[in-house]
Amino acid sequence: MRGLNPDVIIGVSLGGLILPKVATYYPKAKLIFVASSTSANPKSKLFKSLLNILATSKLLSVALQFPDPILSRLYTFFNPFYGDKRYRHLYEKDRKLNLKKIREISLDKHRKILKFIIGTDNSTILSALKQNTLILSSNNDPLTPTEEGEKLHRLIKNSRFVKVNGGHFEVIGKSEIREIERFLEN
């Protein structure tokens, strides 16, 4: 982003773990966190343990060889659909795309990503941020629970917290778009 001066920086999910570091270089940019947290702290302690195991053991290479139906079930187990049933097809499409992309990433990159996820705690950086910030957090998000969005809100001085009905991938609907528009106008 050298040479750029963004007005807005958005971090969605894993991107929300990257956003605080990027934001330190752009103190005038507005920030938007979507389904994000200060560190990896999913609702499921089993999932958190699994992240640690996958990052450090040979199990990851085995798991990546699972057939699509098994990986699909695991994906759905750890990230269920909570949204409006009319939009379930979008979740299914997204799940298939995500699983396809997961298969395209090398084992070494998977390990680096997992180590980044489990090793990141942005609490110190977040408490130093002064940018106007909008935080959108879903009430049924198993990967970044509402409590994590509230923690972001407590740490970032100039933040606004919006709780959304939905899951990890059902964060932005019409009312949230209006919230974002209002945030960007001010």
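1. Let's start with the pairing of S3 and S4: in this predicted model, strand S3 (residues 133-138) and S4 run parallel and are joined by 6 bridges. Within this pair, Ser138 stands opposite Val164 in S4.

2. Stepping back to the sheet as a whole, 4 strands form an open sheet in the order S1-S2-S3-S4, with parallel pairing. Strand S1 (8-12) and strand S4 (159-164) are the edge strands, each pairing on one side only. On average, neighbouring strands are turned by 15° against each other, direction ignored.

3. Which helices lie across these strands? Helix H1 (residues 15-23) lies across S1 and strand S2 (30-34), at about 150° to S1. Helix H9 lies across S1, S2, S3 and S4, and runs at about 165° to S2.

4. Helices H2 (45-56), H3 (59-63), H4 (68-78), H5 (88-104) and H6 (107-119) each supply at least two lining residues. By type, the lining divides into 25 nonpolar, 10 polar and 1 charged.

5. The second largest pocket has a volume of about 590 Å³. It is lined by 22 residues, with Tyr87, Phe169, Glu170, Ile172 and Gly173 closest to its centre. H5 and helix H9 (174-185) each supply at least two lining residues, and H5 gives the most, with 3 residues. Here the lining divides into 11 nonpolar, 5 polar and 6 charged residues.

Definitions and conventions: Residues are numbered from 1 along each chain as its sequence is written. This is a predicted model: local features need pLDDT of at least 70, side-chain atom pairs count only at pLDDT 80 or more; totals for chains, interfaces and linings use all residues. Side-chain values use heavy atoms; hydrogens and water are left out. Ala, Val, Leu, Ile, Met, Phe, Trp, Tyr, Cys and Pro count as nonpolar, Asp, Glu, Lys and Arg as charged, and the others, Gly among them, as polar. On a 1 Å grid over the protein atoms alone, a cavity is a set of points where a 1.4 Å probe fits but cannot get out, and a pocket is an open set with protein on both sides within 12 Å along at least five of seven lines; lining residues have an atom within 4 Å of a point. Grid points are joined across faces, edges and corners, and a volume is the space filled by probe spheres set on the points. Two strands pair if DSSP finds at least two bridges between them. Axes are lines fitted to C-alpha atoms, for helices over the stretch in contact, and angles run from 0 to 180 degrees between N-to-C directions. Contact means heavy atoms within 4.5 Å.
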